[in-house]
Amino acid sequence: MAAVKVSDFDYHLPPHLIAQFPLPDRSASRLMTVDRKTGRIGHARFADLTGLLRRGDLLVLNDTRVIPARLRARRSDTGGRVEILLLEEDRDGSWIALWKSSGRPREGMGFELGEGRIAGRIADVCPGGRVKIQFDAPVPVPDILAELGETPLPPYIRRRGGRLSEMDRERYQTVYARNPGAVAAPTAGLHFTRKMLDSLDAAGIAKCWVTLHVGPGTFMPVRSEDVEDHEMESERYRVSPETAAAIAECRRRGGRVVAVGTTVVRTLETAADDAGGVKACEGRTSLFIHPPCRFRVVDALVTNFHLPRSTLLMLVCAFAGMDLVKKAYAEAVAAGYRFYSYGDAMLIC
């Protein structure tokens, strides 16, 4: 079988279709429906999802919460601007972070936040463009982020002056987010409202939760031409005993496991056994799903429209077939769908 190339996942997207702001009503987004068996493509609204699912289906959602991980600092020695993106806390209390400034990061380099009220330094320079940040102040890091941190929106969402609003802090977050740790939102879940979640309950559609703390690796470009040569960065995940039991019960009653987002797909397929069951577990996953792939757990997928050449688009193509996904994306462009994080969604069954 010929190697799958990154260029196979390219497509033309007019820039004006990249959604810069969310709709006032989360559930008012458009919803493309894609039938894998028939190849039929339909068009609905996200609020129609309840009627498109079946009694007995199980929605699996990612309950990670985006932390305000972007900090704007000044170098202690030169006063130069620094942008720090905290990724996750290390065992010794330091933080793994991305560092962006006019000069290269060096061990011992100091920085200041909040007009000098909070100081820190680079404890170590790590491979892969990472640094280890150590804060000197005894203030808990969550308190620092709550006061000075910004929601780390993707680079294709632009704000005047680079400054975010309170709207972004609220809307770049699912209504069911509860476990802090992500630096990017599981965007397929951004369309749900609490009213929709209640309507799903009333319709006999069950819900359960996994946690995958989305890191920057999910969105890193694939630089190798052969897809199989790309290595995903690992991300922290957890599947609870309750979720494993809910999936087993869904199988017993003949329902479908409906993953809300590619992060849920990766989590479930990481935790799956060969018989299609899911075990309760936690750890780190670097699972990279691309064509060809046999899915053991997921029967249907709710997802947004993704960047060309991205690992997210590769996962969708593995699930629905490359030809059908290309056809769906071409139709979405022609119909003026809104793309990426604040854009519209698709349901693939």
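Buried here means under 20% relative accessible area, exposed over 50%, and partly exposed in between. The model shown in these views is predicted.

**View 1. A salt bridge joins Arg70 and Glu83.** The side chains of the two residues meet at 3.0 Å, N to O. Arg70 belongs to strand β5 and Glu83 to strand β6, and the pair links distant parts of the chain, 13 residues apart. Arg70 has a relative accessible area of 15% and is therefore buried, because the limit for that class is under 20%. Glu83, with a relative accessible area of 24%, is partly exposed.

**View 2. Strands β5 and β6 form a hairpin.** Strand β5 covers residues 70–75 and strand β6 covers residues 81–89; they pair in the antiparallel sense over five bridges. Ala73 stands opposite Val82 in β6. Five residues lie between the two strands, and in this turn Gly79 has a positive phi of about 80°. In a regular strand, side chains alternate between the two faces of the sheet.

**View 3. Strand β6 also pairs with strand β7.** The pairing of β6 with β7 (residues 95–101) is antiparallel and runs over seven bridges. Trp99 in β7 is the bridge partner of Ile84. The hairpin of β6 and β7 has five residues between the strands, with Gly93 at a positive phi near 95°.

**View 4. The largest pocket holds about 1200 Å³ of space.** Its lining consists of 38 residues, and those nearest the centre of the pocket are Arg70, Glu83, Leu153, Pro154 and Pro155. Strands β5, β6 and β7 each supply at least two residues of this lining. Which classes of residue make up the lining of the largest pocket? There are 23 nonpolar, five polar and 10 charged residues.

**View 5. A salt bridge joins Arg130 and Glu233.** The two side chains meet at 2.5 Å, N to O. Arg130 is buried at a relative accessible area of 10%. Glu233 is partly exposed, and its relative accessible area is 31%.

**View 6. A salt bridge joins Arg251 and Asp299.** The side chains meet at 2.8 Å, N to O. The pair links distant parts of the chain, 48 residues apart: Arg251 is in helix α5 (residues 241–253), and Asp299 is in the loop between β15 (281–285) and β16 (300–304). Are these residues buried or partly exposed? Arg251 is partly exposed at 32% relative accessibility, and Asp299 is partly exposed with a relative accessible area of 26%. Elsewhere, salt bridges that share partners join Arg70, Arg72, Glu83 and Glu150 into one network. The count of salt bridges comes to 22.

**View 7. Thr50 is found in helix α1.** This helix covers residues 49–52. Thr50 has a relative accessibility of 15% and counts as buried. Leaving aside residues up to four places away in sequence, Thr50 touches Met196, Ser199, Leu200, Ala203 and Ile205.

**View 8. Helix α7 is largely enclosed by the rest of the structure.** Among the buried residues of α7 are Thr311, Met314, Cys317 and Phe319. The elements that cover the buried residues of α7 include α6 (262–271), β16, α8 (322–334) and β17 (345–348). Just after α7, Gly321 has a positive phi of about 100°.

**View 9. The largest cavity holds about 170 Å³ of space.** Of the 19 residues that line this cavity, Thr187, Phe219, Thr262, His306 and Leu312 are the closest to its centre. One of these, Leu312, is also a buried residue of α7. The lining of the largest cavity has 11 nonpolar and eight polar residues, and no charged ones. How many cavities of 30 Å³ or more does a search of the whole structure find? The search finds four.

Technical notes
Residues numbered from 1 in each chain as written. Predicted model: local features only at pLDDT ≥ 70, side-chain atom pairs only at ≥ 80, totals over all residues. Heavy atoms only, no water. Pairing = 2+ DSSP bridges. Helix = DSSP H or I, 4+ residues; strand = E, 2+ residues; numbered from the N terminus. Salt bridge = Lys/Arg side-chain N within 4 Å of Asp/Glu carboxyl O. Buried < 20%, exposed > 50% of the residue type's maximum accessible area, 1.4 Å probe, protein only. 1 Å grid on protein atoms, 1.4 Å probe; cavity = no way out; pocket = protein on both sides within 12 Å on 5 of 7 lines; lining within 4 Å. Points joined across faces, edges and corners; volume = space filled by probe spheres on them. Nonpolar A, V, L, I, M, F, W, Y, C, P; charged D, E, K, R; others polar. Contact = heavy atoms within 4.5 Å.
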